[in-house]
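Student: Could you walk me through this structure, one question at a time?
Tutor: Gladly, let's look at it together.

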Amino acid sequence: MIDQARAVIIGGGIVGCSIGYHLGKMGWKDVVILEKAELTSGATWHAAGLVGQLRQSRNLTRMLSYSVELYNRLEAETGQSTGWKPAGSLRIAASENRMMELKRAATSARSFGLELHLLGPEETRKLFPIMNPKGVVGSAYIPSDGFADPASLAHALAKGARTSGVTILRHTTVTGMTVKKGRVTEVLTDKGPIRTEVVVNAAGMWARSIGLMAGVIVPVCSMEHQYIVTEAIPDMPPDLPTVRDPDGLIYYKPEVDGLAMGGFELNPIPWGMRGIPNSFTQQLLEPNYEQFEPLSQAAVFRTPCIETVGIRKMINGPDGYSPDGNYILGPSPEVPNFYVAAGMNCFGIAGGGGVGRAMAEWIVEGEPGMDLWPLDIRRFSRHHGSLSFVVDRTSEHYAKHYTLRWPGEENESARGIRRSPLNEVLRSKRAVFGEKNGWERVSWFAPEGMEPVETLSFDYPNWFEAVGSEHRAVREKVGIIDMASFGKIEVRGPKSFEFLQRLAVANLDKPAGSLTYTQMCNPRGGIECDLTVARIDEDHFYLVTGTSFPTHDLSWISRHLPGDGGVFVKDVTSMNSVIGLWGPLARHVLSKVTDQDISNAAFPFASCRHMAIGYAPVTALRVTYVGELGWELHVSYEFAQHVYERLWEAGQEFGLVDFGYRALESMRLEKGYRYWSADITPDYNPYEAGLGFCVDLNKGDFIGREALARVKKDGIRRKLCCFSLEKPLRLLGGETILKDGHVSGIITSGGYGYTVGRTVAYGYLPIEDSTHTDFEVEAYCERYPAKRHDKVLYDPERKRVLG
């Protein structure tokens, strides 16, 4: 037993072993992996072992592709068998809608540089000859996918870790943590404490309970997952690929001379809700044949040979799942030196290699080698600490693992958690709500005669015309929107200006009452935060960010706090509501409900003022995300409904309308406003994103300045460009941008612009392509002409915003 280590990894499954392996490769020798039993004895040992690469996120796909690259060489490197076989994968489509989904996947694969072939029914049957072809429309084949023996793979990684100097301690149970001044200083075990600088929670099913030892929320719960292994199948074809038949909710993997077959039921069973005993190692749950029956029936239909062979064994092994079906990775917001790698969602073997590398980079270099926001633990908020929420939402995502992924489909479980004061008022006005970070937000308003329910479609669904009406009303008259969900952070203290000046790329040295749009960058110059900063007073700043980002942004800001108590930071999202009022007649409406002088001279763009609306105190920010004259009105929750009622009454003579986030998205696309996590991420710097106007290299030192100065001197290698397409095409991001038939870039965001009458899209191009005009955009394997524009499509001179 050792008593100190630079990093302590808790969990000896494939993820923990991979993190240890990669830390060792990066030069960290003083690392210990703690396993309460034997390596792989949690979920790794009973995993099915399928390895697929393509996901909706480009960087998650890159992560899984690295896993394949590693598995291809790991056995030769370590001398340890891995059972890795790059047999390829086949995903079957048994409906036209499923084929549309596969066509979208094929376009994404093309964008991501992953080889994928769309096949017809006969070609599909050649690769999977035991298949019943009835109902098969086609399939997608990825030749570089495969499968592995999970336990052997993990042991190979463990051997590689040991070779690099990493210590592995088996039969060592973690019993607690010592946390001092917000950091873990000791990991307590049944064999004594270990002093450490870094803790990594890779405890799989136990990740939630390990997190609680340090006061960290890890929203993971365990779900039962079953598969069978058949006896030998007569005349079993050799070299079968792994196969997924999502319309049947099932998957297959070759297993010696038979098949392993499992799936994802629509009625999953959570397990271990009252805690999972540490003694549950290399154990399985009792088979649940009744639960498995629908999957068995689907398998008998698709592969009739299964009906006549025996079952060698049935595996019912629980695994850890997350509420949104994605990994949970990165430094925790509560305790910065406590890292999490959990929620593998039944594709932990596929991600094992890539997760290990990303976590090692995060620990050693302070950030992963690519933007991993869809996987970042900081995407969660406090309500994700509720076990009932985690169970309900995770059950929904487990059940949807193989169901069709419709664009814009909303979660149905665990709804109504965070509600604006205007929620019921807007619901009575036929609002259709979506959910983001627990908030109920208005997506659009159904006109009279239309049911306020959103239909699902790969094309534009029933809301298309209704959203167009909202959009045009804001452009032509004035609109009002509930934006209570916006993230708000207060920064106060005698050193608050100097502190924020070091984080922001823009110069915040402005008088009280000013607004500054800025980014916060990492040392590489990548964009970590994108927000508006209001200087309320000399030592009081109010930061506004997107609905999904307050935990992330607060974490980024807090990790740079000085230790002398000169700066205080607080998330005030739940204290203040926000009402947006925008349109050419917005000043007419606001002037009727306030005595404040709101003329352009007295209240110019990029400024903030305190005022009264009706009887309520309000902080008004002259800013816009739609490209029109207007204000964000920040008001304490108890006054929000009063302010809305006053504005609504005053606005009737000017044609005031309610509008939702779908109309807002359409308008921000026309105006070219960026969205963090899509158009701008840590992978891109402000100059590449067309935000160089925000950067002040002369204000003094700030995080990322050296990298950004180098970029400005040397020039950018890629550029975010604006495109338009004549066809009303529903773009979701990830579509391919083609120049002369070759892949030039990827769409970051897109949608229909009702004022310009075209589809609007954004994407990064290599600088050598960024001066051309004519391109194509590929979506669902169809190509459409696209024009690149030098300026944004709506009001490029900003006359409407500044008026």
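The questions and answers below go through a few places in this predicted model.

Student: Which residue in E38 is the bridge partner of Phe723?
Tutor: Let's start with the strands around E38. Strand E35 (residues 718-725) and E38 run antiparallel and are joined by eight bridges. Phe723 has its bridge partner in E38, and that partner is Ala761.

Student: How many residues lie between E37 and E38 in their hairpin?
Tutor: Strand E37 (residues 742-753) is joined to E38 by seven bridges, and the two run antiparallel. The turn of the hairpin includes Gly757, with a positive phi of about 70°, and the number of residues between the two strands is four.

Student: Which residue in E19 stands opposite Met223?
Tutor: Strand E12 (residues 221-223) pairs with E19 over three bridges, in the antiparallel sense. Across from Met223, the residue in E19 is Asp319.

Student: Is Asn345 buried or exposed?
Tutor: Asn345 sits in the loop between strand E21 (338-342) and helix H8 (348-365). Its phi is near 55°, a positive value in a residue other than glycine. The relative accessible area of Asn345 is 3%, so this residue is buried.

Student: And what is the phi of Cys346?
Tutor: Cys346 is also in the loop between E21 and H8. With a relative accessible area of 29%, Cys346 is partly exposed. Most residues other than glycine have a negative phi. Cys346 has a positive one, near 70°.

Student: How many residues apart in sequence are the parts tied together by Asp658 and Lys429?
Tutor: The side chains of these two residues, Asp658 and Lys429, meet in a salt bridge at 2.6 Å, N to O. Asp658 belongs to strand E34 (residues 657-658) and Lys429 to the loop between helix H10 (423-427) and strand E22 (431-436), so the pair ties together parts whose separation in sequence is 229 residues.

Student: Which residue forms a salt bridge with Glu454?
Tutor: Glu454 has a relative accessible area of 19%, so it is buried. In its salt bridge, the closest N and O atoms are 2.6 Å apart, and the partner is Arg662.

Student: How many salt bridges are found in the whole structure?
Tutor: Some of them join up: Arg393, Glu396, Lys400, Glu409 and Glu435 are linked in a network of salt bridges. Another pairs Lys787 with Asp774, at 2.5 Å from N to O. A search of the whole structure gives a total of 39.

Student: How far apart in space are Ser279 and Ala37, C-alpha to C-alpha?
Tutor: Ser279 is in the loop between strand E17 (270-271) and helix H7 (289-302). Its relative accessibility is 52%, so Ser279 counts as exposed. Ser279 and Ala37 are 242 residues apart in sequence, while their C-alpha distance in space is 8.3 Å.

Terms used:
Residues are numbered from 1 along each chain as its sequence is written. This is a predicted model: local features need pLDDT of at least 70, side-chain atom pairs count only at pLDDT 80 or more; totals for chains, interfaces and linings use all residues. Side-chain values use heavy atoms; hydrogens and water are left out. Two strands pair if DSSP finds at least two bridges between them. Buried means under 20% relative accessible area, exposed over 50%, partly exposed in between (1.4 Å probe, protein chains only). A salt bridge is a side-chain nitrogen of Lys or Arg within 4 Å of a carboxyl oxygen of Asp or Glu.
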